[in-house]
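Hi everyone, thanks for coming. Let me put the structure up on the screen, and then I'll walk you through a few spots in it.

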Amino acid sequence: DVLPCPEGPVPSVSITEIRQYLRAQGIPFHDGYSCLHTPSLFTGPPPGREEQSSPAAGAPYTLFIDKTTGSFLCTATLAEGTWQDFQANVELRHRGVPAPSSEEPEEDTRRAREDARCIWDRALPLWELLDEDETNKTKAMFGISLVTDATLKRFGVRYLRTAKSLVFPWFNPRDATLKGLKLVRAEKKGDAIAYVEETLPRFDSYHNLFGLPLISRRDTELVLTGWELDALALHQATGVASLALPRGATCLPPALLPYLEQFKRITLWLGEDLRSWEAAKLFARKLSLKRCSLVRPGNLQPRPLDALNQGLNLTKILRAALPASHKSIVSFRQLREEVFGELVNTEQVAGVKWARFPELNKLLKGHRRGELTVFTGPTGSGKTTFISEYALDLCMQGVCTLWGSFEINNVRLAKIMLTQFAAQRLEDQLELYDEWADRFEDLPLYFMTFHGQQNIKTVIDTMQHAVYMYDITHVVVDNLQFMMGHEHLSVDR
């Protein structure tokens with residue numbers, strides 16, 4: 001994924017411009033939490049032409065326009081696009097040309113769906129494994145012995161024997177066809193169990209809110225979890241509407257925001273570590289702080305599946321969730337729990353540790369948000385080589401990373417990073433290239449397409465866009481002199 005498009009930075013549009021345009025075109029709309037809601041351009045008569053009937057009597061408001069980026073999604077037809085696409089469709093309607101229906105899926109998407117369908121047909125419902133002993137062993141392996149067959153059936157979870165994986169479906173919210181799958185297998189690493197995930201289609205286009213088909217229009221409260229098994233545990237223990245994010249605490253893609261507009265209250269319960277807590281605070285800003293509450297990680301508030309297994313009261317934990325927005329002035333009493341949390345989790349507060357650089361952990365403690373680190377050294381001393389290894393280390397641990405390389409081009413940089421990732425010279429073993437490139441592609445890594453000297457405002461705008469779109473938490477700029485050029489020397493850098 002390259003940011004922004006090669007023809008230049010993403011054209012930004014303000015919420016004021018969007019509102020003015022809709023009013024000028026006579027399109028009724030109302031303000032949602034993170035989107036504006038309008039009648040769809042892709043169904044029924046053109047908006048604004050329904051003999052000016054009142055919105056309630058007219059078409060349902062199924063088209064959502066993102067307040068930050070201007071991109072839109074129609075939940076009735078699944079048509080989507082940029083703000084420029086939206087304006088083009090409005091112009092077409094004024095000329096009486098029907099808006100195009102959502103296009104045919106691309107070749108890759110179609111193939112992924114076919115593969116998903118084959119796997120889904122081979123997978124068995126978990127409660128129908130022939131041998132009860134096998135069922136119990138499988139459930140124990142994933143820590144879901146207490147999850148009932150009724151819950152597994154409700155969410156449509158299956159088991160693929162050949163891959164020893166749980167299979168979670170992604171159904172089209174419009175016509176319930178299968179759009180994709182997530183496979184999760186458990187691997188023992190010493191005493192701990194690690195879960196390995198694989199999705200069809202690939203991660204960057206896998207936008208499944210697991211559990212969405214079970215949500216009714218009347219639901220106004222929701223719990224967002226970071227893992228499919230947490231959504232199962234939560235629903236079983238509390239009966240509340242619960243959904244799982246496709247990439248857990250790594251990112252909340254803006255494409256999913258329209259589906260979350262109907263909820264007046266959203267509780268984020270993403271996991272048991274401080275990174276999940278940081279992510280919950282970040283996501284709450286996207287979802288609108290005033291309707292969000294957060295479950296603070298702690299010994300008595302682990303992730304929902306662990307809470308179910310430990311016999312804790314999940315309803316009580318949900319009731320104790322903290323409001324995401326707090327006033328501009330706070331007393332220590334309000335901060336008391338947070339301070340205690342930081343003392344209990346000193347290791348996690350220090351940030352994400354580097355796996356490849358234990359000595360660096362002693363110096364910098366770990367990667368923490370809001371910190372600026374400057375690396376200096378003479379030309380050719382290995383700054384870029386080292387920083388790419390340093391960033392890759394964090395990226396492999398799920399830290400969403402944005403690279404701004406102004407000195408060497410992205411192809412060369414990606415080649416360096418891929419070699420470091422594979423830890424071998426791929427030019428000598430080209431037959432391995434696709435396998436490593438596939439794995440590398442799934443990392444949360446993005447590159448800006450600038451090269452050489454740049455206008456600082458354009459760069460900052462692009463970074464802000466990336467942070468909103470991909471929940472970037474680590475930005476690398478290589479290097480400052482190159483980006484700024486030499487005529488900016490008088491400016492406060």
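Let's begin with the outward side of α1, where R23 and A24 are exposed. One thing to keep in mind as we go: this is a predicted model.

Now turn to the other residues of that helix. α1 covers residues 15-24, and I18, Y21 and L22 are buried there. Why do these three sit on the same side of α1? They span an arc of only 95° around the axis, so they end up on the same side of the helix. And what do the buried residues of α1 pack against? Their partners are β3 (35-38), β4 (63-66) and α2 (83-94). Just past the end of α1 you'll find G26, with a positive phi of about 70°.

How many disulfides does the structure hold? The number is zero. Take C395: the closest cysteine sulfur belongs to C400 and is 7.4 Å away, which is too far for a bond, given that a disulfide needs the sulfurs within 2.5 Å. C395 is also buried, at 2% relative accessible area. C35 is buried too, with a relative accessible area of 1%.

My last stop is N172, in the loop between β9 (165-171) and β10 (178-189). Is N172 buried or exposed? Its relative accessibility is 7%, so N172 counts as buried. The N172 side chain makes a polar contact with the side chain of D175, at 3.3 Å. Setting aside neighbours within four places in sequence, N172 touches L78, T177 and K179.

Terms used
Residues are numbered from 1 along each chain as its sequence is written. This is a predicted model: local features need pLDDT of at least 70, side-chain atom pairs count only at pLDDT 80 or more; totals for chains, interfaces and linings use all residues. Side-chain values use heavy atoms; hydrogens and water are left out. Buried means under 20% relative accessible area, exposed over 50%, partly exposed in between (1.4 Å probe, protein chains only). Helices (H or I, at least four residues) and strands (E, at least two) are DSSP runs, numbered from the N terminus. The arc is that of the directions from the helix axis to the C-beta atoms. Contact means heavy atoms within 4.5 Å. A polar contact is a pair of N or O atoms within 3.5 Å; within protein, one must be able to donate a hydrogen and the other to accept it, and residues adjacent in sequence count only if both atoms are side-chain atoms.
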